[in-house]
Amino acid sequence: MLKVALLASGGLDSTTLAYSLVSDGFDVVPIFADYGQHCAVTELLTLQEVLPANLRNRIFVINLGSIYTDCFSRMLSAADLWSEKVTDDDFFVPYRNQLLLTAGAAVAKSKGIDDLYSAFIQSNVALATDCTTKFLQELAELTVNYGGVRLHFPFAQMSKTEVARLGVRLQVPLGATYSCLAGASTACGACPNCVDRLKALASLDT
């Protein structure tokens, strides 16, 4: 059984990918990154609940929070949505995806694993430049050429709805996943991630 690593957050996409990899016969090591996001505790608790049962005690946690000590982002400091106006730009965290993928590759290599999976999808709400197809391809070339870790993005050409439909087929507990940008413990239902997720779940009825 091939051992692979997976960046997992407890959200719909990475949870579905965990089930897909297990279904395909991989020995999966989930990696959770705490980069100081306000919802880190909620995400980790959710991850421990929604992952396939045989993976829940295997989660490796990376602590990266000090990197963003001086960064102001509503991903790091939750807004009071009753009194503060928040725009999509307020959620930007510089180099976040590049950092998570690089750190994940480092953890994978340290564990003797040569394959790292991530559940990036084709999204219209992503603002960061380090989640474009071009960027992901270039970073994948870098990590395999300088360290030997292969990055895999099997959902890169899929929409959130397509991932949700796959999740249904794999019996993923989609309703229990969590990926809110604004709420530290309760999904706001209005941020880009929540809107995208709710639209995908609603489409399952059509």
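**Aromatic pairs**

Mentor: Start with Tyr68, which is buried at a relative accessible area of 8%. (Buried means under 20% relative accessible area, exposed over 50%, and partly exposed in between, with a 1.4 Å probe and protein chains only.) Tyr35 is buried too, with a relative accessible area of 3%.

A word on the source. This is a predicted model, in which local features need pLDDT of at least 70 and side-chain atom pairs count only at pLDDT 80 or more, while totals for chains, interfaces and linings use all residues. Residues are numbered from 1 along each chain as its sequence is written, and side-chain values use heavy atoms, leaving out hydrogens and water.

The structure has three aromatic pairs. Rings of Phe, Tyr and Trp (its six-membered ring) pair if their centres lie within 6.5 Å; planes under 30 degrees apart are stacked, over 60 edge-to-face, the rest tilted.

One of the pairs joins Phe26 and Tyr117. It is tilted, at 6.0 Å centre to centre and 50° between the planes. Phe26 sits in the loop between helix H1 (12–23) and strand E2 (27–34), and Tyr117 in strand E4 (residues 115–117), so this pair ties together parts 91 residues apart in sequence. Helices (H or I, at least four residues) and strands (E, at least two) are DSSP runs, numbered from the N terminus. Phe26 is partly exposed, at 22% relative accessible area. Tyr117 is buried, at 11%.

Back to Tyr35 and Tyr68. Their ring centres are 6.4 Å apart and their planes lie at 80°, so this pair is edge-to-face. It links distant parts of the chain, 33 residues apart. Tyr35 is in the loop between E2 and helix H2 (40–50). Tyr68 is in the loop between strand E3 (60–63) and helix H3 (96–110).
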